[in-house]
Amino acid sequence: MTADLTLLERNVPRYTSYPTAPHFSPQIGAERYAAWLAALPAEATLSLYLHVPFCVQLCHYCGCNTKATRQRGPVDAYAEHLLAEIKLIGALIGPRKAVHLHWGGGTPSILGEDWLRRVVDALGEAFDLSALKEHNIELDPRRVTKPLVAALKEIGVNRASLGVQEFAPHVQQEIGRIQPFELVERVVAMLREVGIDRLNFDLMYGLPKQGRADVTRSAERAVSLKPTRIALFGYAHVPWFKKHQALIKEADLPGPQERLRQARIAADVFEDAGYQSIGLDHFAFADDELAIAAREQRLHRNFQGYTTDRADALIGLGASAIGKLPQGFVQNAIDAAGYSCAVESGRPATVKGIALNDDDRLRATLIERLMCDLRLDLSRFGGVARFRDEMNTLVPLADAGLVSIDDQTIVITDAGRPLVRLAAAAFDTYLPANQARHSLAV
């Protein structure tokens, strides 16, 4: 499969939100967030996201908001502030029902078993967790122990997302993450032994010195462990934004056409093993609720990727955490020091965000449906005549066979699936001014 290099080399957002985070402004701060929380209807349901910005060591490819530490002091202090923020936000919002809970990072488990229990206890006091459908935690397999697994079961975790990335030893060496297959295999067995059997694997392509044979073998080894879901991400090389990525030599990275081939190779392995392709980069068995939601066009997309989460509000807790309310998006202070300072002062740690207008909401829906359903019926949104400029932008994609346009309907073709972000970008009115701040289209 080949595609026009000028398309592959475009920089476009991942569209886990719209408008995207680079457009958040300091005009939205703690006071506005508090007002938005207070205005939530009593029956509103919540999705809770907790961010832990620490790892024992940084992987060279990492684009997350995290930093390396081997000291307990910073981690313990951060956990104390997380407890304080939970209490603070709980007081502002009231004991509304939470339906989803997700731990991200960093390496959330770096908190340790005792802090994990204390944080969940605090969440239970601040919010109503009785209707929790999913409690997910991101795990670094190298940091998983039997006591940790027992604690995860105890606090109600029912899904775990394992950072697998790549199994080839020479690629692991290049990305600073030595993680043998046998180690991941043991962690999977430990989790399943206590009943945490809904397992997600994260894999990557486009890594330094990663060849097609590496991608194929890693995909095959991953499916041999039968994870419930698989997410396949393209490495985003942004050393101007993440300085440690300078450890990766650009000369060792595959080009856009090769990245596209690697993505297709991995997808073929997953599909041959019985996984259904979902949206841009997720895979799940046909009976998984994510796959069912995709078929029924009920799929959603947020900062954790594709999801069945339909909560009315997303509450972000921790440094850099992003939240979404009906009125708009908010983001906490990105650095742990700024976050801790805000919490100590007794106010939300919000430092920026964006208030949504009607056009933002419309375009967010258009982009989400394209990203989730791989098709968009514009007759539901005012018809093609309302989006003439956007349709003109899609012409090069149609000429390249990446989309088909039939009267009022835009359909992403099989060849266009890995590049669906390009089609979504046609409806993004914020993009031109900040295009260079995003990753490659593939």
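Is Ser320 buried or exposed? Ser320 is buried, with a relative accessible area of 10%, where buried means under 20% relative accessible area, exposed means over 50%, and partly exposed lies in between (1.4 Å probe, protein chains only). This is a predicted model, in which local features need pLDDT of at least 70 and side-chain atom pairs count only at pLDDT 80 or more, while totals for chains, interfaces and linings use all residues. Residues are numbered from 1 along each chain as its sequence is written, and side-chain values use heavy atoms, with hydrogens and water left out. Helices (H or I, at least four residues) and strands (E, at least two) are DSSP runs, numbered from the N terminus.

**Helix 3 and helix 4**

- Two packed helices are described by the angle between their axes and the distance between the axes.
- The axes of helix 3 (residues 72–93) and helix 4 (residues 113–126) come within 9 Å and cross at roughly 10°. Axes are lines fitted to C-alpha atoms, for helices over the stretch in contact, and angles run from 0 to 180 degrees between N-to-C directions.
- Helix 3 is therefore roughly parallel to helix 4; angles under 35 degrees count as roughly parallel, over 145 as roughly antiparallel, 65 to 115 as roughly perpendicular and the rest as oblique.
- On the helix 3 side, the residues in contact (heavy atoms within 4.5 Å) are Arg72, Asp76, Ala79, Glu80, Leu82, Leu83, Ile86 and Gly90. Helix 4 contributes Trp115, Arg118, Val119, Ala122, Leu123 and Ala126.
- By class, this contact of helix 3 with helix 4 has nine nonpolar, one polar and four charged residues. Ala, Val, Leu, Ile, Met, Phe, Trp, Tyr, Cys and Pro count as nonpolar, Asp, Glu, Lys and Arg as charged, and the others, Gly among them, as polar.

**Helix 7**

- Helix 7 (residues 181–193) has 13 residues and should span 18 Å at 1.5 Å a residue, which agrees with its end C-alpha atoms being 18 Å apart. The expected span is 1.5 Å times one less than the number of residues.
- Its buried residues are Phe181, Leu183, Val184, Val187, Val188, Met190 and Leu191.
- An α-helix has 3.6 residues a turn, so residues three or four places apart point the same way.
- The cover over the buried residues of helix 7 includes strand 6 (134–139), helix 5 (146–154), strand 7 (159–165), strand 8 (199–205) and helix 8 (212–224).
- Gly195, with a positive phi near 100°, follows helix 7.

**Backbone features in loops**

- Tyr18 and Pro19 are joined by a cis peptide bond, with omega about -5°. Pro19 belongs to the loop between strand 1 (11–12) and helix 2 (30–38).
- A cis peptide bond also runs from Gly105 to Gly106, with omega near 15°. The loop between strand 5 (98–105) and helix 4 holds Gly106.
- Lys209 is not a glycine, yet its phi is positive, at about 60°. Lys209 lies in the loop between strand 8 and helix 8 and is partly exposed, with a relative accessible area of 45%.
- Ser320, also a residue other than glycine, has a positive phi near 75°. Its loop connects strand 14 (313–317) and strand 15 (322–325).

**Cysteines and Asp399**

- A disulfide is a covalent bond between the sulfur atoms of two cysteines. With a disulfide taken as a pair of cysteine sulfur atoms within 2.5 Å, the count is zero.
- Cys341 is exposed, at 52% relative accessible area, whereas Cys372 is buried, at 4%.
- Asp399, in helix 13 (residues 388–399), is exposed, with a relative accessible area of 66%.
- Asp399 and Glu271 are 128 residues apart in sequence and, C-alpha to C-alpha, 27 Å apart in space.
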